[in-house]
Amino acid sequence: MSDNRYVEIANLTKAYPNPFGQDVAVVKDFNLILRKGEVVSVIGHSGCGKSTVLTMLAGLNPISSGSLVVDGREVAGPGPDRAVVFQAPCLLPWMTTFENVMLGVKQVYPHGTPAERRQICEYYLSIVGLADSMRKYPREMSGGMQQRVGIARAIALRPRMLLLDEPFGRLDSLTRMDLQDVILEILDREKITTVVITHDVDEAIYMADRVCMMTNGPEASVGQVLEIPFERPRIRADVLDHPNYYDFRACLLSFLEKQEHNKSSHVEAFEERQRQERELQTSASDRQLETEPASV
Ligand SMILES: Nc1ncnc2c1ncn2[C@@H]1O[C@H](COP(=O)(O)OP(=O)(O)OP(=O)(O)O)[C@@H](O)[C@H]1O
Ligand SMILES: [Mg+2]
C-alpha cells in the first residue's frame, strides 16, 4: 500500500430516508485521500455531515455507496485500528481513570502480561498529564481531565488512525489549547494518520497538514482543500506569527461565509428536485395502475 494513499475515501455517500420515503443524501460523492501520518482537519457548518463522514470512517455508520479504504482494506466495521474521540469522553463512571483505559488495552493486548498492560496504561496516562490521577473516578475530575482520559484511552490502543470529532468542543479556550498541544505532541511522536473535525478555524489550521472544507448539506462534499505547510512540531507563537497565517484564516472564513450565503438557494434547489422526483414517481405509478387489468 502506497503511503501516499493510506486512506482513500472515494465517492462516499450517505443517505437517510425522508418522511416521504425518498432517500436524502446527507453526504454525496465525498472524495479525500490521506497520506500515512497526515493530519487533516475537516471544517464545515453545523449539520453539514462532518460527524457522518467520521462515523463512517470509524465503521460505526454503514455507507450508502462509494468506498472507504484504510491501509489497503475496505472499512467493514469498527475496530481498534481506528480510535475515536468524541466531544464527550463517555467514561464508565464506576471505573477509575486507569480502569477506563485498561478496558481497551485488554482487548488490544490479549496476550500481554498484566504488568505489560499496566505499563501501557500508565505510559499513556502520563503522556496526557494524568500520572497523579490514575485512581480517580470520572466524577472527581474536570471536563478537561476527563477528555484527557478519552485521549489516553484512544492512543493506548496504538491505532493506525485517530478520528477526533470536536474533541475540545466543550472545553474552555485555555484547556483547549493545552489539549491541542497534547494531541500534537502524541501525533508527532507516533505519526498516526488523523482526521480532526472542528468548527474552529484557528484549531483547524494549527492542528493540520491540510484543511478539508465541506460544503453545506444536503449532498455535502469536499468544497476546497487547503495545504498548511507550517513546520512540525508546531509552536503556537510561530504559527500565529507566520506571514501566511492570516491568509489561510481568511481563506477558511471566506469559504464558510460563502456557504452560509448560498445556503437557502442550495436547499431550495434540492427540495425542488426532490418534489419533481416525487411527482414523476406518482405519475408513473398512476400510469401503471391505469394499464393494469382490473382484478376479479
Ligand atoms: N440517523 C439519522 N437519520 C436521519 N438523518 C440524520 C441521521 N444522522 C444524521 N442525520 C442528518 O445528517 C445531517 C448531518 O449530520 P452530522 O451530525 O453529520 O452533521 P455535523 O456536520 O457533524 O454537525 P455538527 O457540526 O452540528 O456536529 C444532519 O442534517 C442530520 O440531521
Ligand atoms: Mg458533528
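1. Basis of the note. The model is predicted: local features need pLDDT of at least 70, side-chain atom pairs count only at pLDDT 80 or more, and totals for chains, interfaces and linings use all residues. Residues are numbered from 1 along each chain as its sequence is written, while chains are lettered from A and ligands numbered from 1 in the order in which they are written.

2. Overall fold. Eight helices and ten strands are found in the chain; helices (H or I, at least four residues) and strands (E, at least two) are DSSP runs, numbered from the N terminus. The C-alpha trace spans about 80 × 55 × 40 Å along its principal axes. Of the contacts between residues at least 6 apart in sequence, 70% join residues at least 24 apart; a contact requires C-beta atoms, placed from the backbone, within 7 Å.

3. Burial. Of the 296 residues in the chain, 33% are buried. A residue is buried if 20 or more other C-beta atoms lie within 10 Å of its own, exposed if 12 or fewer, and partly exposed in between, with C-beta atoms placed from the backbone.

4. The antiparallel sheet. An open sheet of four strands has the order β2-β1-β4-β5, with antiparallel pairing. Its edge strands, β2 (23-34) and β5 (73-74), each pair on one side only. Two strands pair if DSSP finds at least two bridges between them. Five bridges connect β1 (residues 7-17) with β4 (residues 65-70), and alanine 10 stands opposite serine 67 in β4.

5. Strand β3. Because five of the five residues of β3 (residues 39-43) are buried, this strand is largely enclosed by the rest of the structure. Val39, Ser41 and Ile43 lie on one side and Val40 and Val42 on the other, so that both faces are covered. Strand β3 pairs in the parallel sense with β8 (residues 193-198) over five bridges; here valine 42 stands opposite isoleucine 197. Strand β3 also runs parallel to β9 (residues 210-214), joined by four bridges, and serine 41 has valine 211 as its bridge partner in β9.

6. Ligand 1. The residues surrounding ligand 1 are Tyr16, Val26, Gly44, Ser46, Gly47, Cys48, Gly49, Lys50, Ser51, Thr52 and Gly217; each counts as near if its C-beta atom, placed from the backbone, lies within 6 Å. Helix α1 (residues 50-58) supplies the largest share of this shell, three residues. By class, the shell has three nonpolar, seven polar and one charged residues, where Ala, Val, Leu, Ile, Met, Phe, Trp, Tyr, Cys and Pro count as nonpolar, Asp, Glu, Lys and Arg as charged, and the others, Gly among them, as polar.

Conventions
Two residues are in contact if their C-beta atoms, placed from the backbone, lie within 7 Å.
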